[in-house]
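Subject: Structure handover

Hello,

Here is the structure I said I would pass on. My notes on it follow.

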Amino acid sequence: MQTTITADRRQRIDALGYDYAAQPREFLTTCNLCGGSSLVVLTYRDRYGYAAQADACRTCGLAFLNPRMTAEAYGHFYQGIYRPLVSAFHGRLIDAETIQAEQQEYAIDRASFARPFVERAGLETMLDIGGSTGVVARHFAATFGLAGTVIDPAPLEVAHARRYGLETITGLVEEHDFGSQRFDLVLICQTVDHLLDVTGTLRRVRELLTPRGLLLIDIVDFRAAYLRNWSVEDAIKIDHPYYLTEETMSAYLRRAGFAVVRTAYAADHLHVTYLCRNADPDPSARPAASAVDALFREIRFVQNAPR
Ligand SMILES: [Zn+2]
């Protein structure tokens, strides 16, 4: 099933004048999770109506935009397109100011999920990757007595985070030199789907964690997203290079050297959150072939079943 974009939404998105087709893009020939090279094209447009193609790896089921914008094109996208585009999609203003109430609620929810493992664990330092305006980092820092650092590529949002007394870095975790600095808690909240290299980032995070360190990470569950609107196209958006499932995220974590200690299906039924500790990396971890077959079967069913 492919839902049509309503005329008023179409008009709001067109009014932005963003020419997605003209952006520099790169084509991926291998899977970022398993290295597999057998790819299946799933869709030809995203929820905004842009001609964004998504592929899935036949070996492990990882779904991702392909081709996808270059790092530089994404840099430009986050400077001025991303928030206005999401605002146009929803028909209401979403910016660094308006997202704060929502982020506060999110922060309270995730902190209570992590509390049994973080409280009294003697943790002192925290890094929030893609920490945006710092609302989540501030709440974790205050609740658990942590010294917090936010790293994010968007200068406006980082400026917000600085006002909360957090240490801030404008940049990308894969590129920033942390020297000998290590962290007891790393947050990757509503961010992993936006990364360009999930494997590289998780490896980097594993290096940045202290031996007692914990990682809190969440995904938009791709299956939940397409089942919600019964449309694979509606689950695809140019802001998300990656579309993770419980199976692919679990394999990513095991490969990078993380063991999940607690999982939560969020109240929105869309996000899945994981709290992880260090473990030995399992470089061959991948979803079971039966799970991958079931995923492709389900996608075909959603695309073709009568409503
Ligand atoms: Zn794969």
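R120 sits in the loop between helix 4 and strand 6 (125-129). The model is a predicted one, and in it R120 has a positive phi of about 60 degrees although R120 is not a glycine. The other backbone point is the peptide bond between N66 and P67, which is cis, with omega at about 0 degrees. P67 belongs to the loop between strand 4 (63-65) and strand 5 (68-69).

Helix packing

Two packed helices are described by the angle between their axes and the distance between the axes.

Helix 4 (residues 99-118) packs on helix 5 (residues 135-144) at an angle of about 40 degrees, and their axes are 8 Å apart. The crossing of the two is right-handed. On the helix 4 side the contact involves Q100, Q103, Q104, Y106, A107, I108, R110, A111, A114, R115 and V118, and on the helix 5 side V135, V136, R138, H139, F140, T143 and F144. The contact of helix 4 with helix 5 comprises 10 nonpolar, five polar and three charged residues.

For helix 8 (residues 222-229) and helix 10 (residues 289-304), the packing angle is about 20 degrees and the axes lie 11 Å apart. Angles under 35 degrees count as roughly parallel, so helix 8 and helix 10 are roughly parallel to each other. Their crossing is left-handed. Helix 8 contributes F222, R223, Y226 and L227 to the contact, and helix 10 contributes L295, E298, I299 and V302. By class, six of these residues are nonpolar, none is polar and two are charged.

Helix 2 (residues 71-80) and helix 3 (residues 82-90) pack at about 60 degrees, with 4 Å between their axes. F77, Y78 and G80 of helix 2 make the contact with Y82, P84 and L85 of helix 3. Five residues of this contact are nonpolar, one is polar and none is charged.

Empty space

Rolling a probe the size of a water molecule over the atoms shows where empty space is left.

How many cavities of 30 Å³ or more are there? The count is one. The largest cavity holds about 40 Å³ of space. Its lining consists of D193, V220, F222, A225, A235, K237, H240, Y242, Y243 and L244. Helix 8 and strand 11 (242-243) are the elements that give two or more residues to this lining. The lining of the largest cavity has seven nonpolar residues, one polar residue and two charged residues.

Helix 7 (198-208) and helix 9 (246-256) each supply at least two residues of the lining. By class, the pocket lining is made up of six nonpolar, two polar and two charged residues.

Regards

How values were computed
Residues are numbered from 1 along each chain as its sequence is written. This is a predicted model: local features need pLDDT of at least 70, side-chain atom pairs count only at pLDDT 80 or more; totals for chains, interfaces and linings use all residues. Side-chain values use heavy atoms; hydrogens and water are left out. Axes are lines fitted to C-alpha atoms, for helices over the stretch in contact, and angles run from 0 to 180 degrees between N-to-C directions. Angles under 35 degrees count as roughly parallel, over 145 as roughly antiparallel, 65 to 115 as roughly perpendicular and the rest as oblique. A crossing is left-handed if the near helix is turned anticlockwise from the far one by less than a right angle, and right-handed if clockwise. Contact means heavy atoms within 4.5 Å. Ala, Val, Leu, Ile, Met, Phe, Trp, Tyr, Cys and Pro count as nonpolar, Asp, Glu, Lys and Arg as charged, and the others, Gly among them, as polar. On a 1 Å grid over the protein atoms alone, a cavity is a set of points where a 1.4 Å probe fits but cannot get out, and a pocket is an open set with protein on both sides within 12 Å along at least five of seven lines; lining residues have an atom within 4 Å of a point. Grid points are joined across faces, edges and corners, and a volume is the space filled by probe spheres set on the points.
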